[in-house]
Amino acid sequence: MWKSRFAALLAGVGLVASVAVVPLAQAAVKVGDSVELPEIQFMDGKTLPKGHFKGKPVIIAYWASWCPYCSRQNPYVQKLWEQSQGRGLEILTVSIDRVEGDAVDYVHKHGYTFPVAMETEALREALGKRKVIPTIFVIKADGRIAEVIPGEMFEEDVLDLIKYASGSAKAN
């Protein structure tokens, strides 16, 4: 009997020790937090170095090819991308698909031209783990999170994010 109790105690100690060694998932950033985005590798092969977004407002939209809510929101993100050209607002979309080919096929099928990166460990470290997709993060030019928007947005709400373009009085 004492052997089984001792074995159970050892198993419990081992479980506690293994949990202590595993790093806890970083909590998602919240409004007011400062972030620095890592190097970004786009699906088209283009790479932006760490620090590229410094001093620029950025909209980051997370999505997946299999997500029906993302499928309804992504046309609005495409419109925002088109409207933001030359206005000082960076748009970055991030696919959480496990297979990059699924994301590539999805983007080509829908004719999207917005920049797409695959989620990386470095992005998870910078922004934390999401609990919902789609999710949009808005980062002001000073590097602080202005908004974290989980879930599907209506067209007018996505397009209203243009207010964060450089020089917009509403973005402050």
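I started at T93, which stands opposite V116 in β5. This is a predicted model, so everything I jot down here is computed.

Next I checked the strands around that pair. Strand β4 covers residues 90-95 and runs parallel to β5, with three bridges joining them.

Then I zoomed out to the whole chain. I count five helices and seven strands, in the sequence pattern α-β-β-β-α-β-α-β-α-β-β-α. Taking contacts with a separation of 6 or more, I find that 70% join residues 24 or more positions apart.

Which residues have the most contacts inside the largest nonpolar core? I got I59, I60, Y62, L127 and L161, in a core of 51 residues. Strand β3 (residues 58-63) gives this core its largest share, six residues. Nonpolar side chains tend to be buried together in soluble globular proteins.

Leaving out residues up to four places away in sequence, I60 touches L37, L92, V94, L127, T135, I136, F137 and I139.

Last, the surface. Of the 172 residues, 41% count as buried. The accessible surface comes to about 10,000 Å², and carbon and sulfur atoms hold 58% of that.

Definitions and conventions:
Residues numbered from 1 in each chain as written. Predicted model: local features only at pLDDT ≥ 70, side-chain atom pairs only at ≥ 80, totals over all residues. Heavy atoms only, no water. Core = buried A, V, L, I, M, F, W, Y, C linked by side-chain atoms within 4.5 Å. Buried < 20%, exposed > 50% of the residue type's maximum accessible area, 1.4 Å probe, protein only. Helix = DSSP H or I, 4+ residues; strand = E, 2+ residues; numbered from the N terminus. Contact = heavy atoms within 4.5 Å. Areas by Shrake-Rupley, 256 points an atom, 1.4 Å probe, with all protein chains shown as cover. Pairing = 2+ DSSP bridges.
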